[in-house]
Amino acid sequence: MSTRGTHPGTAGSGAAMAVGAMTCVQLGLAVSVGLFEQIGAQGAAWLRLFFAGVLLLVIVRPRPASLSRRVLGAAVVLGVVTAGLTMLFMEAVQRLPLGTASALEFLGPLSVAVARSRHVRLLVWPALAAVGLVLLTQPWQGGADLVGVAFALGAGACWAAYILLTQAVGDQVAGIQGLGLSIPVAALVATVVVGPQGEIPTLTPELVLVGLGLALLLPVVPYSLEMLALRRITTAAFGTLMSLEPAIALVIGLLLLHQVPPVWSVLGIAFVVTAGIGAERTGARAPAAAQSREPCPLVT
């Protein structure tokens, strides 16, 4: 017998996975600052996706024939969206301050959080997260490049689609096996897009090692954690928890790059942490929603 109420234990584990994923992302970005300068933003995006695709093909060994046509199609679309999210955001941060680009990109998952909320009280958390993001990123500072804004908004749309597709694939495919198809597809899309531009870097032994390590931080480990998290919490809660990423970036910047956050950023952290706690307490998925379909494994 099950109820439609929330389940704090399930929500807590899902929230922990989401925070772990964001921490990996920010660590990867901090480590790869020099890499972006060496091979360019698109080269770095391709390197991440290429080695992530190789790793997941080896680890997961997907069998597309074992999937239904609908699930296979969703996994392929998820791969295309993942490639778009990665490459569009890299283009945005070349033209805009990182905080401004992040704030614009977050409009995607925040829209998902608001649109999918079924209870009025859940709407409070995206509102608090939005205030926190404004305080953290202070987008009113500096001039805005309209092309960069367009790229950031495109990345936000991809992020919103990524959240919805990840949950759909995660509900149908056991564990992280859906990534065994979606990430190689993302790598293929990136190769098709970046290759003609001549931005695919020459793979030296050192760059291969860097690429493998970066692929684990971005995207293998975080994307795997996100897919598992979306099996435990709602898209509204997940979208709200993503607002913690600027706060995590500030903490990592303070610890690794010795960047002391201003008062406005500290206030922003308080808002997004409050929103994250609220999402964790009210965002567990109902068992009926999470268990209504049998998993469709890619491997036996």
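Leu133 is found in helix 7, which covers residues 124-137, and the model in which it is placed is a predicted one. With a relative accessibility of 5%, Leu133 counts as buried, because the cut-off for that class is under 20%. The protein around this residue has 14 helices and zero strands, and buried residues make up 49% of its 300 residues.

**Surroundings of Leu133**
- Once neighbours within four places in sequence are set aside, Leu133 is in contact with Phe106, Gln138, Ser243, Pro246 and Val272.
- Leu104 stands 29 residues from Leu133 along the chain, and the C-alpha atoms of the two residues are separated by 9.8 Å.

**Glu105, a buried acidic residue**
- Glu105 lies in helix 5, which covers residues 98-105.
- Although Glu105 is buried, it has no salt bridge, and the nearest side chain of opposite charge, that of Arg48, is 9.0 Å away.
- Apart from neighbours within four places in sequence, the residues in contact with Glu105 are Leu85, Phe89, Ala152, Ala155, Gly156 and Trp159.

**Helix 3 and the residue that follows**
- Helix 3 comprises the 20 residues 41-60, which at 1.5 Å a residue should span 28 Å, and because its end C-alpha atoms are 28 Å apart, the model agrees with that expectation.
- This helix is mostly covered, with 14 of its 20 residues buried.
- Just after helix 3, Arg61 takes a positive phi of about 50°.

- Leu255 has its place in helix 12, which covers residues 245-256.
- With a relative accessibility of 61%, Leu255 counts as exposed, because the cut-off for that class is over 50%.
- Leu255 belongs to a nonpolar patch on the surface that also includes Val251, Leu254, Leu256 and Val260, and together these residues have about 490 Å² of accessible area.

**The protein as a whole**
- Read from the N terminus on, the elements of the protein run α-α-α-α-α-α-α-α-α-α-α-α-α-α.
- Among the contacts in the protein with a separation of 6 or more, 90% are accounted for by residues 24 or more positions apart.
- The accessible surface of the protein comes to about 13500 Å², and 68% of this surface belongs to carbon and sulfur atoms.

How values were computed
Residues are numbered from 1 along each chain as its sequence is written. This is a predicted model: local features need pLDDT of at least 70, side-chain atom pairs count only at pLDDT 80 or more; totals for chains, interfaces and linings use all residues. Side-chain values use heavy atoms; hydrogens and water are left out. Helices (H or I, at least four residues) and strands (E, at least two) are DSSP runs, numbered from the N terminus. The expected span of a helix is 1.5 Å times one less than its number of residues. Buried means under 20% relative accessible area, exposed over 50%, partly exposed in between (1.4 Å probe, protein chains only). Contact means heavy atoms within 4.5 Å. Accessible areas come from the Shrake-Rupley method with a 1.4 Å probe; for residues, only the protein chains shown count as cover. Lys and Arg count as positive and Asp and Glu as negative; His and the chain ends are not counted. A salt bridge is a side-chain nitrogen of Lys or Arg within 4 Å of a carboxyl oxygen of Asp or Glu. Patches are made of residues with over 30% relative accessible area and no salt bridge: like charges are joined within 9 Å, nonpolar side chains (Val, Leu, Ile, Met, Phe, Trp, Tyr) within 5 Å.
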